[in-house]
Amino acid sequence: MKNYLRGALDVGGSYWRIAALVPAGGAGLSTLLLFINIVLGLLPVLFILATSVMIGRVPGAVSDGVGSAEWRDLVAAFMAAAAAFVGQQILSPFQASLGELLARRVDGHVYQRLIGASLRSTGIGPLEDQKLLDELTQVVTTLEQSFRTAGLACAGLLALVARYTQLVACAAVVALVFSPFAALAIFAATMVFRKGNRGGLRQYSRLFARNVAMRRESRYYRALAIQPAAGKEIRVFGLADWLSDRYRTLQLGLLSLIWAERRRIYMKPYLAYTAFGFAMAGITLALLGRAAAAGTITLTQLALALQAGIAALRLGEAFPESDTPTQFGMFAYDGVQRFEAGVDAFDEKTTQLEPRLEPAGMPRTELRFEDVDFHYPGSERPVLDGLNLVLPAGRCTAIVGLNGAGKTTLVKLLARLYEPTGGRILADSSDVRHFAVDDWRRQIGIIFQDFNRYELTAAENVGFGAVEIAGDRDRLRAAARRAGILSTLDRLPSGLETPLARQYKGGSELSGGQWQRVAIARALFALENGASILVLDEPTAALDVRAEAAFFERFQDVTRGATALLISHRFSSVRHADNIVVLAGGKVIEQGSHDDLLATNGRYAELFRLQAERFTDEEETEPVDEADLAGDDVPAGEEPTGARPVGYAGEAPAGEAVR
Ligand code: ADP
């Protein structure tokens, strides 16, 4: 019995959590909506009461005539019934629109929590974790579509109050005017119907949660079919039929699961619930009929019990305004909670050691990776395996290795976007975990391989390297100049104030190479604010060879004595480094200067020669922006269209064997 009630009311699970979320819509609004829903639950019962009294007074009014006491009672009951009816008509739109308002407010709150959780995460782990990413995508999709959101669940829960108020009041009426047993039987029958509907919906929704992966895949195919980026290849390789077949097969698979589950959940129990419900309702109605025939109840009582009983039984149906939103809306909220918990779990791994030290100006002697192990969460495969590496302060260390060797991972560990799973990272013999994460990151200017292209002004794009001094135009311009992008930015329609996105008013789009130099400027701007470590992960991948050569010729000026870590697949740039480190199998397998490593004739020499053999004078990169190399004025975005730059035929092999 207890479990039955739990199933019908769903008190064991989501309702309480939804109720806890309701106040996020505002205490005043929630209270008002609760009040409106209680009134909306009572008004139909008032209507039943009034019309039953009316029916009961009809014989008396007919016999006593207009103006008699019975007549006046009948008119008063009619007025009350009319008031209850009109009241319902007036309040229902309020219920709907205030429910909508509450839903939007709660959804706003949920959005804020989601963004807050995402941004407060110290590391990048939660945003790279596939399971948490799924949660995030799922929640954001519901919010963007305003479909099955947590806010709608809250409004739905309050709407449910109206239904249950009505049910309890109807049962009370039956108990008072006829028999508590009949009231109980009607209540039980209604709850059995509810159990069938509500419980079925709950089981059905579990299927929805189970096939997340299929729905994700299906969404992906849909996106492939309609997004312009994928459109080119799909046409050129003739993938359209394959894509539509694949989508159709997947979608049919998904639907057949749903159909099968629907039959299992709804069809069979439906028969059992219906039989029980009808039995209960039948017994009650039979008792009522017998009492009426025996004359043990009045006409008013009979009308009341009949109307209230039937109204109560009708409440056994599914409530579209509350059942679906409360059941599915909570998935979205569960997703938010799991994402928050995931962020917290990741952050717990970000250790802060005491005493807390101040990293300003560090490293003065060296950065050291000491026996560092690392594997990504959810994977046992070590990416770094007892890595020992020293980066001398004020020097440039280059890291090479095959794709997947762990070079970018090493950068993530240095920036404390992940914590090593073993070993430690030291700055001048202090474990970096003694520094507050934010303080430590202020020591680092970084250009990631997949750097951000902010759809904001050029000044903001550079200024984000050190937001504290972003207003200092002289230093900002100095960083842009050293990155070789200043003249390009000055030539934009509004100079540094130009939004770097064509879709914005007065905006301009930069080429890939220009964007890369903006990102370099951003990293260099961090140096202007006192950062002492410069990390360049493929800083010139989108530059053509001449621009790259120019960049590295000025490398000393560019880095300004920072402790630099350079990752590049081009030996032409790597060879400028003071020290070259070859990474393989999660370890350093060779290190030394370019000449030393060639002389050693090991892996570096092998890879270097491999690249050299493959070298052609065709670079797949962008044409050089002559203005920034020569200081001339060439408008941004207007790329030279003439002859491609001459291949950089010196000792700079190109190719992808090493990066
Ligand atoms: P590199 O920069 O040398 O090409 P990465 O550091 O990017 O290599 O990657 C090293 C290994 O770690 C690769 O096998 C890659 O698949 C894996 N890896 C990278 N990022 C993640 C991640 N977020 N989750 C799980 N594995 C990852």
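Biologist: Which residues are linked with Arg 163 in a network of salt bridges?

Modeller: Glu 317 and Glu 321 are the partners in that network. Quick caveats: this is a predicted model, so local features need pLDDT of at least 70 and side-chain atom pairs count only at pLDDT 80 or more, while totals for chains, interfaces and linings use all residues. Residues are numbered from 1 along each chain as its sequence is written, and side-chain values use heavy atoms, leaving out hydrogens and water.

Biologist: What makes the contact between Glu 366 and Arg 368 a salt bridge?

Modeller: The rule asks for a side-chain nitrogen of Lys or Arg within 4 Å of a carboxyl oxygen of Asp or Glu. Glu 366 and Arg 368 have N and O at 2.7 Å, so the pair passes the rule.

Biologist: How many salt bridges does that rule give?

Modeller: The count comes to 25. Among them, Asp 439 pairs with Arg 442, with the closest N and O atoms 2.8 Å apart, and Arg 433 pairs with Asp 431 at 2.7 Å, N to O.

Biologist: Why is Asp 431 called buried?

Modeller: Buried means under 20% relative accessible area, exposed means over 50%, and partly exposed is in between (1.4 Å probe, protein chains only). Asp 431 has 5%, so it counts as buried.

Biologist: How do you know that the length of helix 12 agrees with its number of residues?

Modeller: Helices (H or I, at least four residues) are DSSP runs, numbered from the N terminus. The expected span is 1.5 Å times one less than the number of residues. For the 16 residues of helix 12 (residues 299-314) that should be 22 Å, and the end C-alpha atoms are 22 Å apart, so the two agree. Its buried residues include Ala 303, Leu 304, Ala 308 and Leu 313.

Biologist: Where does Ser 179 sit, and why is it called buried?

Modeller: Ser 179 is in the loop between helix 7 (150-177) and helix 8 (180-210). Its relative accessible area is 15%, so it counts as buried.

Biologist: What makes the pair Ser 179 and Ala 182 a polar contact?

Modeller: A polar contact is a pair of N or O atoms within 3.5 Å; within protein, one must be able to donate a hydrogen and the other to accept it, and residues adjacent in sequence count only if both atoms are side-chain atoms. A polar side-chain atom of Ser 179 lies 2.9 Å from the backbone nitrogen of Ala 182.

Biologist: Which side chains have polar atoms by the ligand's own N or O atoms?

Modeller: Thr 409 has a side-chain N or O atom 2.5 Å from a ligand oxygen. Lys 407 has a polar side-chain atom 2.9 Å from a ligand oxygen, and Glu 128 has a side-chain N or O atom 2.9 Å from a ligand nitrogen. Taken alone, the ligand exposes 560 Å² (Shrake-Rupley method, 1.4 Å probe), and the protein buries 69% of that.

Biologist: Which helix gives the largest share of the ligand's shell?

Modeller: Helix 14 (residues 407-414), with four residues.

How values were computed. Helices (H or I, at least four residues) and strands (E, at least two) are DSSP runs, numbered from the N terminus.
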